[in-house]
Amino acid sequence: MKLSDLNELAWQNLREAFLRNSLTTLGIAVGVASLVAMLSLGIGLQDMINRRLERGGLFDSVLIRPRTNMVRPGREARDRLMGRESEPVVAPSRLDDQARRKLAQLPNVIEVYPEFRFTGDARLGQEGRLTDVASLPVSASSNDAFEGMLGRFFSSPEAREIILQMEMAESLAEIQGLQAANLIGKRIVLRYAGREQLPAESLGGGPGGENASPDEAALGFSIVSSEIPLQVVGIISAEVVFSTPGTIGRSGAFVPLAVAESLRVVQGNDMREVVGNSIMSAGQQYANLTVRVERASAVPAVQEAAQQMGFSTFSLLDFTRSMRRVFAILDLLLGIFGSLALAVASLGIVNTLVMAILERRREIGVLKALGASDRDVRQLFFAEASVMGLAGGATGVLMGWGIGRIIQFVTAAYLQRQGIPAENIWMVPWWLVAGAMAFSLAVSLVAGMYPASRAARLDPVEALRYQ
Amino acid sequence: MQSNGLAIRTDQLVRHYKMGEALIRAVDGVSLEIGAGEFVALLGSSGSGKSTLLNLLAGLDHPSAGTVEVLGKSLGAMNPLELSRHRNQTIGMVFQSFNLLPRMTVFENVELPLRLAETPRSERPPRVQEAIERVGLAARLKHRPGELSGGEQQRVAIARALVNRPRVLLADEPTGNLDSHTGEEILRLIAGINRPADGTAPTTVVMVTHERPLAEQFANRIITLADGRVAHEERL
């Protein structure tokens, strides 16, 4: 029999016992709905976390550090845990301006910038507050941390401006008995430890060598207290995590990258160079560089290229590999729980179709007498199971979508009452809709196997005798 | 194709059933030849094996021994799919209790063998119309069986049996559920199918009945069965 005829007959047959078949279909719909609702929550949560990380500009960034021969106990185990592969054995290279230029020339690289992080003393009048200060590239303005900030982002890459974190702003404003918001537009002074390169002749042997102390001569530079006036232009809310991957930290104040670069602040790697006493004479190195690439998929290639250049790399993709594994397991578990309801519903299909065989025994005999083959009868029952499966699947997807919407609505309302911005924790991608429908159809067909085979095997003579 | 003008030929046809310990000899060595275009009535008391023989000729039942040939083809040599085609294309069956599907309209009931034959959709309405006109029910196409009288239902069943233009019509007590007047009308219809007035090819009819007067009136041969064997045979 042709598929269109099978479907027509299946619909006709199902309409005959409308209530029973509707209830069976509803059972499948509930099963599919629980599956869709569970998975849409799992997917939604995963998407929410991915989205947040992506908006933080962390997925499309690679952190480049100079490779050192530092012994880091447990590093191998940590790498394994993070799903990171071991870096290739390449001689370490200097992370300096030349390396920065080379990295910027790699395919798909948008920008390469260093991160400066130092302790500064933000002074308002005669008093000050110590805090961590971090540099920010102009591209960070798209970071969701600046959504709803007080004031604005830096007016230009070289602007002598500063953005404060709320707690820091409150502490600083307290000095003059102000509200944090009143700091916007005020000038503050930022004190920091500056690095002053000593002239070559002062490093021993030269005519001016006697000007440098023995300690300074050993360092190659002197550390001086420096300061810069900055205008407060913005205040961001609490708990903001900026930074390059791997050095996630919280800072109380942020200055434009070009400004931070011009300050010649003493960095942690300066000390490492001094202790290592290896490349000191060759000039300043960066503590790290952040490479922003066009898209997350280009990150692995950039990482590999940087490793081949002799640097150590890290990206959040490494971290999310293990996170995705966790979500995959979570989705699987949610899927299994959701499928249980569908499995129970499939028993309803078996029951309905077995009942149909008993009720339509004579009809099956008539069909066979008129020329229906065993295959025709089997296909007819499969078609009925499929119709129930597809109808149940479609209804279930709609119900699951509705349940998800309700959970989303209730969660959003709850979060808002708690003073937390609402998040979208629910998502029904097209593949979930298609997958749920296909799964529902497959379960229905499996459930229809026994009744279909039993109907096909009916002896027509016996069936025609049945009253 | 038929062999030597024969539509049906059976040779020592046997169908035994086991019911518990007892062996039921429903058909017990029946050999007969039915020519193309004949109208044969199978008579006999209840349990004489008439319906079993008819089921064997239709290929609905399988013989315990012996052979059945329809239009020169041995049913024993056919696989299940070929047997289905045989029932669909070569044979038309009419039952005592009509066996129409109650949820389908007259049109849909008659169309059913065409669906099974995978006849193109566009060809079906004229074929159904032709069959239904032959039984005189053209005005009732959209009615359901429950809205028809017994005689009308049997006419629909005959139209359904004819829609694939079979060469052999097997009727199992077609008048059994009808009053005598309607029964006679139905047999007149079957006789018309057996020998069409318009000169088109005759259809071989084998009819099971226990109404001898009607058989004598319409059939041209009566075969009487008793205890699964041919007890008597007479040409009219």
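Predicted model: local features only at pLDDT ≥ 70, side-chain atom pairs only at ≥ 80, totals over all residues.

Colleague: Interface, then. How many residues of chain B are in contact with chain A?

Modeller: 20 residues of chain B, and they meet 16 residues of chain A.

Colleague: Which helices of chain B supply at least two residues each to that side?

Modeller: α1 (50–58), α2 (80–90) and α3 (106–116) of chain B. α2(B) gives the most, with six residues.

Colleague: And how do the residues on that side of chain B divide?

Modeller: Ten are nonpolar, four polar and six charged.

Colleague: Switching to the sheet in chain A. What is the strand order?

Modeller: β2-β10-β1-β11 in chain A, four strands in an open sheet with antiparallel pairing. At the edges sit β2 (109–114) and β11 (311–314) of chain A, each pairing on one side only. On average, neighbouring strands are turned by 25 degrees against each other, direction ignored.

Colleague: How many bridges join β1 to β10 in chain A?

Modeller: Four, between residues 61–66 and residues 289–293 of chain A. One pair to look at: Ser61(A) has Arg292(A) in β10(A) as its bridge partner.

Colleague: Which helix lies across β1, β2 and β10 of chain A?

Modeller: α4 of chain A, residues 97–104. Its angle to β2(A) is about 160 degrees.

Colleague: Now α9 of chain A. Which of its residues are buried?

Modeller: Val299(A), Val302(A), Gln303(A) and Ala306(A), in a helix that spans 299–308.

Colleague: Why are they on the same side of α9(A)?

Modeller: Because they cover an arc of only 100 degrees around the axis. As a rule, an α-helix has 3.6 residues a turn, so residues three or four places apart point the same way.

Colleague: What follows α9(A)?

Modeller: Gly310(A), with a positive phi near 100 degrees.

Colleague: Last topic, cores. Which residues touch the most other members in the largest nonpolar core?

Modeller: Leu42(B), Leu57(B), Ala159(B), Leu170(B) and Val206(B), out of 114 residues. The element that gives the most to this core is α2 of chain A (residues 18–55), with eleven residues.

Colleague: What is Ala159(B) in contact with, leaving aside neighbours within four places in sequence?

Modeller: Val110(B), Ala131(B), Ile132(B), Arg134(B), Val135(B) and Leu137(B).

Definitions and conventions
Residues numbered from 1 in each chain as written. Chains lettered and ligands numbered in written order. Contact = placed C-beta atoms within 7 Å. Nonpolar A, V, L, I, M, F, W, Y, C, P; charged D, E, K, R; others polar. Buried ≥ 20, exposed ≤ 12 C-beta atoms within 10 Å, placed from the backbone. Arc of directions from axis to C-beta. Pairing = 2+ DSSP bridges. Axes fitted to C-alpha atoms, helices over the stretch in contact; angles between N-to-C directions. Core = buried A, V, L, I, M, F, W, Y, C linked by C-beta atoms within 7 Å.
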